[in-house]
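Here is a short walk through some helix packing.

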Amino acid sequence: MAQQLLMPKATAVWLVDNTSLSFEQIADFCTLHHLEVKAIADGESAQGIKGLNPIMTGQLSREEIEAAEKDPNRKLKLAAPKVRVPEAKRKAPRYTPVSKRQDRPNAILWLVRNHPELKDSQISNLVGTTKNTIQQIRDRSHWNSANLQPMDPVTLGLCTQINLDLEVEKASRGIVRPEEIAEEERLLSASQTQNWDRSREDREEGELDAAAVFAKLSSMQSTDTDEDDGNQN
């Protein structure tokens with residue numbers, strides 16, 4: 001990628017004001033027309049633009065300026081950047097070896113059955129497939145559905161166990177597990193415990209105790225009566 005001058009017009013303003021370079025040299029370096037540079041020098045153009053020192057920005061050396069001032073035919077050269085920023089690489093589609101592509105439908109079937117919480121986009125990232133193929137396997141409309149066998153994508157070498165675990169963890173966030181539901185069903189809610197009719201429970205216990213006492217008294221009275229009748233005889 002060719003190096004470009006930062007803020008050409010502001011740089012031209014600075015070179016016009018601070019050097020004896022010709023209009024043609026400045027115009028060539030700043031990619032401007034020499035008449036535009038002349039207009040800057042005459043104050044007819046670039047009014048209000050603050051000059052940018054190319055030496056301070058590291059795009060031009062003082063030695064290069066002095067050499068060009070001595071030789072009107074010399075063209076200014078941009079200084080080599082001190083720090084090279086690597087170009088951003090575009091993220092290419094996930095590549096799957098040809099030998100393993102036939103195993104992708106089996107891996108998709110395994111993921112759909114064993115991890116239904118995974119989204120289509122996550123499955124696509126794991127095994128390198130399309131959402132259309134995933135949907136066909138979900139609804140059994142895939143052309144080879146009758147022959148598909150669920151197979152672990154990690155075993156097939158389509159993804160790593162770490163990546164699979166990360167995607168499953170992401171998909172499982174916020175999902176209530178069955179054992180948590182069972183635990184909630186066994187426990188009373190706070191509203192149920194707070195609104196419990198304690199007086200009703202006490203009344204029931206009191207009624208049971210009273211009935212037991214009367215039953216015991218009746219039994220004792222009948223026993224005493226039987227003993228008295230026996231003594232009289």
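Predicted model: local features only at pLDDT ≥ 70, side-chain atom pairs only at ≥ 80, totals over all residues.

Residues are numbered from 1 along each chain as its sequence is written, and side-chain values use heavy atoms, with hydrogens and water left out. Helices are DSSP runs (H or I, at least four residues), numbered from the N terminus.

**Two packed pairs**

Two packed helices are described by the angle between their axes and the distance between the axes. The axes here are lines fitted to C-alpha atoms over the stretch in contact, with angles from 0 to 180 degrees between N-to-C directions.

| Helix pair | Crossing angle | Axis distance |
|---|---|---|
| H1 (residues 8–18) and H3 (residues 34–41) | roughly 60° | within 10 Å |
| H7 and H8 | about 110° | 9 Å |

From H1, the contact (heavy atoms within 4.5 Å) uses Lys-9, Ala-12, Val-13 and Val-16, and from H3 it uses Glu-36, Val-37, Ile-40 and Ala-41. Six of these residues are nonpolar, none polar and two charged. In this scheme Ala, Val, Leu, Ile, Met, Phe, Trp, Tyr, Cys and Pro are nonpolar, Asp, Glu, Lys and Arg are charged, and the others, Gly among them, are polar.

H7 and H8, in turn, are roughly perpendicular to each other, and H7 also passes H8 in a right-handed crossing. Here Asp-120, Ser-121, Ile-123 and Ser-124 of H7 meet Lys-131, Ile-134, Gln-135 and Arg-138 of H8. That contact divides into two nonpolar, three polar and three charged residues.

**Helices with a buried side**

Which residues of helix H8 (residues 131–138) are buried? They are Thr-133, Ile-134 and Ile-137, where buried means under 20% relative accessible area, exposed over 50% and partly exposed in between (1.4 Å probe, protein chains only). These three cover an arc of only 100° around the axis, which puts them on the same side of H8; the arc is taken from the directions from the helix axis to the C-beta atoms. They pack against helix H6 (104–114) and helix H7 (120–127), whereas Lys-131 and Asn-132 are exposed on the other side of H8.

Helix H4 (residues 62–70) has Glu-64, Ile-65 and Ala-68 as its buried residues. Their arc around the axis is only 100°, which puts them on the same side of H4. The cover over them includes H1 and helix H2 (23–29), and the face turned away carries the exposed residues Glu-63 and Lys-70.

**Two loop residues**

Thr-31, in the loop between H2 and H3, has a positive phi near 55° though it is a residue other than glycine. At 65% relative accessibility, Thr-31 counts as exposed.

Methods. Parallel < 35°, antiparallel > 145°, perpendicular 65-115°, else oblique. Left-handed = near helix turned anticlockwise from the far one by under 90°.
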